[in-house]
Amino acid sequence: MKALVPVLIAMSLVLAVIGCMRTPPGLARGKELYRTCVPCHGDHGGGNASLAAPAIAGLPEWYLQAQLVKFKGGIRGAHPEDMEGARMRPMARSLYRPGDLESVAKYVAQLTRVRQPNTLAGGDVAAGEGLYAVCATCHGEDAGGIQDMNAPTLHGQADWYLYHQLEKFKSGMRGAHPEDVTGQQMAAMSTMLEDSTAMRNVIAYIRTLAK
C-alpha cells in the first residue's frame, strides 16, 4: 500500500495540472466547446437545413442556457419521434463541467446572426399579421422577444425551423413534459393555428419583422 502512495500523489498532481490548464469559463472556453456544435450548426451558427439544425447565432444567452438545460435534463428532446432533439440531448450532456454550459451559451449569443433565406412556399402576410396578435403578448409586437415572458426573439430564425417547431408543439412532440412550463404554453398557443396554411401565414408575417 505504501508503494502506491507516491503513484497516487503523482496522479493527483497530473490531474491538478490538467485542471489548471483547462480554459476557465467564459468566451474562450465557449469557443472551444462550440467546435462540437459546428458539424450541425455551422462555423458561424447559421444552421443547416439538411440536418434540421437551426440558426442559433445571436440568440439570447438566457434562452440558450434554458434550452441546453432542458435538453440536458430530458425535458426537451425526449419524445421518441423527435430525432433532432435526440441528437441534441447527448451534446448538452457533454457540458458537465461547471461553467461549460454557460460558456458555450455566452459564445453563441455574441455571434452575429446569419441571414436566413425564404424556403417556405405560400404564406399570406396580411392574414399572418392578424394571427400574430396572440403571439405578440409573449414575443413582442416586433417579434424581438420578452425575457420576462421567457419568450425568445424570432428574428433571424429560418422559416422551415419555425414551421417544424410549431408542428412539434401541435403534435405533442415538444412541450409535453410536465416540467416544461414554457413549452406547455407554446403547445397551447400552437393549437390556435388551425392548419399548415395558418402556420405559413404567421411565419410569413414574422419574417417581415426580421432585423
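Leaving aside neighbours within four places in sequence, Leu95 is in contact with Leu33, Leu68, Lys72, Asp100, Leu101 and Val104, where contact means heavy atoms within 4.5 Å. The structure is a predicted model, in which local features need pLDDT of at least 70 and side-chain atom pairs count only at pLDDT 80 or more, whereas totals for chains, interfaces and linings use all residues. Residues are numbered from 1 along each chain as its sequence is written, and side-chain values use heavy atoms, with hydrogens and water left out.

Leu95 also belongs to the largest nonpolar core, which has 18 residues and in which Tyr34, Ile56, Leu64, Leu68, Leu95, Val104 and Val108 touch the most other members. Two or more residues of this core are given by each of helix H2 (27–34), helix H4 (61–73) and helix H6 (100–109), and the largest share, 5 residues, comes from H6. A second, separate core of 15 residues includes Ala136, Tyr163, Leu193 and Ile203. A nonpolar core is here a set of buried Ala, Val, Leu, Ile, Met, Phe, Trp, Tyr and Cys residues joined through side-chain atoms within 4.5 Å; buried means under 20% relative accessible area, exposed over 50%, and partly exposed in between, with a 1.4 Å probe and protein chains only. Helices (H or I, at least four residues) and strands (E, at least two) are DSSP runs, numbered from the N terminus. In soluble globular proteins, nonpolar side chains tend to be buried together.

The helices H2 and H6 pack at an angle of about 90°, with their axes 7 Å apart, which makes H2 roughly perpendicular to H6. Their contact is made by Leu27, Arg29, Gly30, Lys31, Leu33 and Tyr34 on the side of H2, and by Asp100, Ser103, Val104, Lys106, Tyr107 and Val108 on the side of H6. Axes are lines fitted to C-alpha atoms, for helices over the stretch in contact, and angles run from 0 to 180 degrees between N-to-C directions; those under 35 degrees count as roughly parallel, over 145 as roughly antiparallel, 65 to 115 as roughly perpendicular and the rest as oblique.

An unreviewed UniProt entry lists Cys135, Cys138, His139 and Met186 under "binding site"; UniProt positions are given in the numbering used here, feature names are shortened, and annotations may be inferred rather than shown by experiment. Although these residues are spread over 52 residues of sequence, they cluster in space, the largest C-alpha distance being 11.0 Å. Cys138 lies in helix H7 (residues 125–139) and is partly exposed, with a relative accessible area of 25%. Beyond four places in sequence, Cys138 is in contact with Gly145, Ile146, Met149 and Ala151. His139, also found in helix H7, is buried, with a relative accessible area of 10%, and among the residues that His139 touches beyond four places in sequence are Tyr132, Gly145 and Met186.

The structure holds 0 disulfides, a disulfide being a pair of cysteine sulfur atoms within 2.5 Å. The sulfur of Cys135 is 8.8 Å from the closest cysteine sulfur, in Cys138, and is therefore too far for a bond. Cys135 is partly exposed, with a relative accessible area of 23%.

In helix H8 (residues 159–171), Lys170 is partly exposed, with a relative accessible area of 32%. The C-alpha atoms of Lys170 and Ser190 are separated by 5.7 Å, although these residues are 20 residues apart along the chain.
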